[in-house]
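Me: Hi, could you go through this protein with me, a piece at a time?

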Amino acid sequence: CVEIMSENDKKLGFIHDLDNIPMSMPNAAASMARFDSSECALFTFGVPKPEQLDFFGNEEGRELLEKACLNLEKIGGRRVEIEFEPFLNAAKALYESAIVVQRLEATAEILQTNPDAMDAAVRKICESATNYNAMDVYKAQAFVDDCKKQAMKILKEQRVDYVVTPTAPRCYKINEVNNDPIQLNKNVGYY
């Protein structure tokens, strides 16, 4: 599954009929034949630089992303490699900064009254949020805001209409997640 992100849904006009999106059809090759790229407005999509892509051992994911990009090119898209570091830094902040306090807001009551009712990994993340103060949260939010500004500058400079990434770099088996839930969830949230 590939995510397509855009700042403006009007730019998604070429994807007006979900039943005709080649990547969503059982037979993409046959579906692609129905597309006439001259009918589609030219659009530019950004993909992370190869060294910034991580599939955590799922090489099939890399191949599927490449196929999706080729399909987007076939319907009139122009691929550009973008600097993806600001996006990655913002994603990391969700797990590794005071931004985790947002999760505490939703779970504070149960954490105080019945912590054993929580999943152990979720409880550990929420408990870590109690180590932050208001200044930490403010600085973390300012960091994420700066990442957003950097990302928007990159997209504007390269005239990128969409960013295309895997929805998740790898799907893990239940027993794998049970053995290392926090790290594997970070991996899934890489993009």
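Predicted model: local features only at pLDDT ≥ 70, side-chain atom pairs only at ≥ 80, totals over all residues.

Me: Okay, where is Thr-107?

Reply: Thr-107 sits in helix 4, which covers residues 101-113.

Me: Is Thr-107 buried or exposed?

Reply: Thr-107 counts as buried because its relative accessibility is 16%, and buried means under 20%.

Me: And what does Thr-107 touch?

Reply: If residues up to four places away in sequence are not counted, Thr-107 touches Met-118 and Cys-126.

Me: Which residues of helix 5 are buried?

Reply: In helix 5, which runs over residues 120-129, the buried residues are Ala-121, Ile-125, Cys-126 and Ala-129. They lie on the same side of helix 5, because the arc they cover around the axis is only 130 degrees.

Me: What do those buried residues pack against?

Reply: The buried residues of helix 5 pack against helix 4 and also against helix 8, residues 181-188.

Me: What caps the N-terminal end of helix 5?

Reply: That is Asp-119, which has a side-chain oxygen 3.0 Å from the backbone nitrogen of Ala-121.

Me: New topic: which residues touch the most other members of the largest nonpolar core?

Reply: That core has 21 residues, and Phe-45 and Ile-82 are the ones that touch the most other members. Among the elements that give two or more residues to this core are strand 2 (43-48), helix 2 (59-74) and helix 6 (134-157). There is also a second, separate core of seven residues, including Val-100, Leu-111, Met-118 and Ala-129.

Notes
Residues numbered from 1 in each chain as written. Heavy atoms only, no water. Helix = DSSP H or I, 4+ residues; strand = E, 2+ residues; numbered from the N terminus. Buried < 20%, exposed > 50% of the residue type's maximum accessible area, 1.4 Å probe, protein only. Contact = heavy atoms within 4.5 Å. Arc of directions from axis to C-beta. Polar contact = N/O pair within 3.5 Å; in protein donor to acceptor, adjacent residues only side chain to side chain. Core = buried A, V, L, I, M, F, W, Y, C linked by side-chain atoms within 4.5 Å.
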